[in-house]
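Open the model in your viewer and keep the sequence panel beside it. The stops below say what to select and what is there.

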Amino acid sequence: MNYPQQGSKLYLFSIVLVAVLGGLLFGYDTAVISGAEKGLQAFFLGAKDFVYTDTIHGITSSSALLGCIIGSALSGFFASYFGRKKSLAIAGIFFFLSALGSYYPEFMLFTYGEPSASLLVAFNIYRVIGGVGVGLASAICPMYIAEVAPSNMRGTLVSWNQFAIIFGQLVVYFVNFLILGEHTQPIIEKISETVYQVSSSSDAWTIQTGWRYMFGSEAFVAGIFTILVCLVPESPRYLALIGKDEKALGVLAHINGIDKAREILRQIKETTEVKSERLFSFGVMVIFVGVMLSVFQQAVGINAVLYYAPRIFESMGMDNPMMNTVYMGIVNITFTLVAVFTVEKLGRKPLLIWGSIGMAIGAMGVALSNLVDGVNPIIPVVSIMVYSASFMFSWGPICWVLIAEIFPNTIRSAAVAIAVAFQWIFNFIVSSTFVPMYNMSLGDMGDRFGHMFAYALYGVICIVAAWFVYALVPETKGKTLEDMTNLWRNRSRKNA
């Protein structure tokens, strides 16, 4: 077979571009709730057969995360037995079905526009299906990119996946803003500690229709992704794992040139003599570090901000919370680019540590703003922006880079699945507890106590995260995936 003598960056970038569309769908699906959740709440507050409480709304707003936990937990099985490419196509199908189902949850079973407990269950099932797609994509997209990328570009290319996630969130913020148009979000009044009602002056279109369009808009992107992913090659490292060395060499040659491809394939085979090993073959620490990276990425509280951004800005007294959410999306995408262009120069650990410190400062700024009456709303808004921007150049992209590259080849599928499952478990915990915690009242402070407590807690966790990175996380800049296999094997032997 004739292999190319020189690698093609265009070929590499084209297949990475398709893979990062999965990241865009990840961001789109998880952030669409930010614009839709208030209309959704108003819709189900009209149900006659049950009371739609804060707790139920928190679970409904976060229900996709249950699917994310399932999808990420199954991602190791899918990636190992179906391959990276087919698994991404399956994720795309889940995205598509979820978008249509969330748009029209009454399909064939219920009367359109009549809220009920059964309809709420159906809606949540569709959101869980989309979450399974997100869980698969969140684990397999960075894994696929890491396995096709040359070592000197791997951090940058995997960071583009996070850029796509944030870009997907920005796109859906903007799409939600356009869908809302001249309409207004519902006015929801608190009539007791746990009971709410919709003001009669609320916009009926937003309650009945607006949130449906927001969820349904995802179907277009999901369809395009599913088609395109069928056109990319399988990961060369997966091909080598299943004994298809010629196909693996062909993909590597198109990316690196034939001479470099042979060298890479030799290194892959040296570290994959056994197709699979026990999860703890390289010691407990590698799994612990991977899991805790995922835990801290969520425990710092970022998704509570992303999912409920309009509600948070409204509580700060901002006149146009949806527009401020778009501004936050622009800030987020700008600072994600900082990571994309510096991760191979500065390394993974410095970005994580400085990002943790910046997040702590921003979170504490919001917390302190709620200790004093009459604070100018621009202060907590700027603090939120600092907190969010610091996450976007650190824990947002770099956590995915490390999870994709830190594990040895022979346990990568299973280890990534476990790490990402923990990420979604903590995402669900943070997101579902945020609204009740944010609305806690105490004495003269009222709801401001909850606002203060939530962000003070996240700020403390950010400081702990910085220490964890400094003390336990190895630097992976410039190392091949096979180098990481040898690093953990050597550490395991020293500790034996």
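Predicted model: local features only at pLDDT ≥ 70, side-chain atom pairs only at ≥ 80, totals over all residues.

Select Leu 17, which sits in helix H1 (residues 9-45); helices here are DSSP runs of H or I with at least four residues, strands are runs of E with at least two, and both are numbered from the N terminus. Leu 17 is exposed, with a relative accessible area of 55%. Exposed means over 50% relative accessible area, buried under 20%, and partly exposed in between, with a 1.4 Å probe and protein chains only.

Residues are numbered from 1 along each chain as its sequence is written, and side-chain values use heavy atoms, with hydrogens and water left out.

**Helices H3 and H4**

Select H3 and helix H4 (residues 117-148), which pack at an angle of about 155° with their axes 8 Å apart. The angle makes H3 roughly antiparallel to H4. The axes are lines fitted to C-alpha atoms, for helices over the stretch in contact, and the angles run from 0 to 180 degrees between N-to-C directions. Angles under 35 degrees count as roughly parallel, over 145 as roughly antiparallel, 65 to 115 as roughly perpendicular, and the rest as oblique. H3 passes H4 in a left-handed crossing, meaning that the near helix is turned anticlockwise from the far one by less than a right angle (clockwise would be right-handed).

Go to Tyr 103, which belongs to helix H3 (residues 83-103). Tyr 103 is partly exposed, at 34% relative accessible area. Then select Met 108, in the loop between H3 and H4. Its phi is near 70°, a positive value in a residue other than glycine. Most residues other than glycine have a negative phi. At 71% relative accessibility, Met 108 counts as exposed.

**From the loop to H6**

Select Glu 106 and Arg 212, whose side chains meet in a salt bridge of 2.6 Å, N to O. Glu 106 lies in the loop between H3 and H4 and Arg 212 in helix H6 (residues 204-216), so the pair ties together parts that are 106 residues apart in sequence. Both Glu 106 and Arg 212 are buried. A salt bridge is a side-chain nitrogen of Lys or Arg within 4 Å of a carboxyl oxygen of Asp or Glu, and a search of the whole structure finds seven.

Stay on helix H6 and select Phe 215. Phe 215 is buried, with a relative accessible area of 2%. Asp 29 is 186 residues from Phe 215 in sequence and 8.1 Å from it in space, C-alpha to C-alpha.

**Helix H10**

Next, select Lys 260 and Glu 263, three residues apart in helix H10 (residues 258-271), about one turn of the helix. Their side chains meet in a salt bridge of 3.9 Å, N to O. Glu 263 is partly exposed at 33% relative accessibility, and Lys 260 is partly exposed at 40%.

**Helix H17**

Is helix H17 (residues 395-405) mostly covered or mostly uncovered? H17 is mostly covered, with 11 of its 11 residues buried. Among them are Trp 395, Trp 400 and Glu 405. Show helix H11 (residues 284-299) as well: H11 and H17 pack at an angle of about 165°, with their axes 10 Å apart. That makes H11 roughly antiparallel to H17, and H11 passes H17 in a left-handed crossing.

Finish with Arg 154 and Glu 405, which form a salt bridge with the closest N and O atoms 2.7 Å apart. Arg 154 lies in helix H5 (residues 154-180) and Glu 405 in helix H17, so the pair ties together parts that are 251 residues apart in sequence. Arg 154 is buried at 1% relative accessibility, and Glu 405 is buried at 0%.
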